[in-house]
Amino acid sequence: MRTRPNTQPHGGLIFIGVEDKGAINGCKSLSTGSLNQLEAVRDYCPDARYEHKKVAIRNRKDEDDFILIIRVKYREDKLVETTQGEAFIRVGESKRRISEDEKREIRISKGEVSYELEPANLNWPDDFDMELVSQLASSYRAKRRLTSDFTREAILNLLHLGKLRNGQFEPNLACALVLAKSPRDIVPGARLRFSRFTGRDERFGKDLNKTLDEFIDGPIPRQLTTADKMISTVMQNFTRLGRDNKFYTRPEYPHDVWFEAVVNACVHRSYNLKNMPTFIKMFDDRFIVESPGGFLYPTTPATVYDAHNPRNPYTMEALFYLDFVHCGYEGTRRMRAGMKEADLPLPEFRQSGDGSAAHVVRVTLKNNFEHRKVYLVQDAARAVGETLYDALSEVEKQLINFASEKGEMSVSDAVRLTGKDWSTAKKILQKLTTETKILVHRASSTDPRNGTKRYLIRKVIKK
């Protein structure tokens, strides 16, 4: 008997009297006792919810007969096991036995196990980032309008981040994730791994195209702050001159969108999958965040903008008081709105794995690379030659692109575009003039700091 009450969202159907290959034998030859035994699903799976009915058919001998159909419903609140302690999910047309680790993950996702509340084997306060603890306590007092009489430990107790027992504070897993100096002492995979690749795919061996590969450790708030700074430094900006003769610069992805994707991964990932880190991968054409664990029912890739079922509610609440989250599902909606406003494809949400045992949620942001490349750099590449253009640094490309669009530029323009000081900006322009010979300059004054000195694309000059 193949019950599938663990396969979301529908469970499964059992057809008795039908062979695996579809031949219809019927059930009229079965005794009343045998039929009653087959209908008693609870004798096999005590926690199963089901209903059954008999359906009249013609069997393969072309005789009047019937089959028994049992509808086994999915249980969103409980892992259903057989009397032998086995649990199964459907994978395609077959079933798969769930391992003990997968059972625990499903129990956590269904709320049967509150693993965030499990004690953390860490010493209070020595193993904790007390600056973060103080920030959290101060924010909680302010937002809840509490007096200073509430100690830090009392506030952590109110936030379900541990227990006060006989005057001693005992931190739990949620507390360790948010406030411990090294959450990896409890969950080795409680870290971010940020990788930057050249090109559009991940290559290995002699074709390795990874230009940056960094692990980001510490409590979640420190991870997020570090990731924000690190990723921002490699995020490209593209500048155009508007019709109003003002500079307009856009990042390849809106900051609020990609940062929200990283925050969501830290907040909603499964820390029960202890050895799996959260991956952040950046390619020329897309930005990917992969977090351990699947969506929690009823959230799916199709309902991600409308369903809210946080896996780690206590961790999430703590981060709310540290101003990283809003404790609602508006985060994904803001991601969608941000990408739409930037004229970029909407975020893609997917999960991989086997039904309830899904093990990775993947969020992909695409930057419309081909359109961006044609729209922003085509004229500059044509003006200086694509081979030479590709050898330039990103800052040099940015300046050449602008000079090609506007027809000329000054040192002051370069300062505003790159954010570098006047001397550095001038050196870059001089390199493009004397070494690569892409630019030529015309000066209208003997004053070397005069902003009227203009740099022009050499090939444009020759026309």
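Student: Is N272 buried or exposed?
Tutor: In this predicted model, N272 is buried, with a relative accessible area of 14%. Buried means under 20% relative accessible area, exposed over 50% and partly exposed in between, with a 1.4 Å probe and protein chains only.

Student: Where does N272 lie?
Tutor: N272 sits in the loop between helix 7 and strand 12 (278-282). Helices (H or I, at least four residues) and strands (E, at least two) are DSSP runs, numbered from the N terminus.

Student: Which residues is N272 in contact with, leaving aside neighbours within four places in sequence?
Tutor: They are D101, R104, E105, I108 and Y115. Contact means heavy atoms within 4.5 Å.

Student: Which residues of helix 2 are buried?
Tutor: In helix 2 (residues 100-109), these are E102, K103, E105, I106 and I108. The buried residues of this helix pack against strand 5 (94-97).

Student: On another topic, how many residues has the largest nonpolar core?
Tutor: The largest core has 68 residues, and L136, L161, L179, W258 and F287 have the most contacts inside it. Helix 7 (residues 255-268) gives the most to this core, with 9 residues. A nonpolar core is a set of buried Ala, Val, Leu, Ile, Met, Phe, Trp, Tyr and Cys residues joined through side-chain atoms within 4.5 Å.

Student: What does a second, separate core include?
Tutor: That core of 18 residues includes L392, L399, M409 and A414.

Student: How are residues numbered, and which atoms do side-chain values use?
Tutor: Residues are numbered from 1 along each chain as its sequence is written, and side-chain values use heavy atoms, with hydrogens and water left out. Local features need pLDDT of at least 70, side-chain atom pairs count only at pLDDT 80 or more, and totals for chains, interfaces and linings use all residues.
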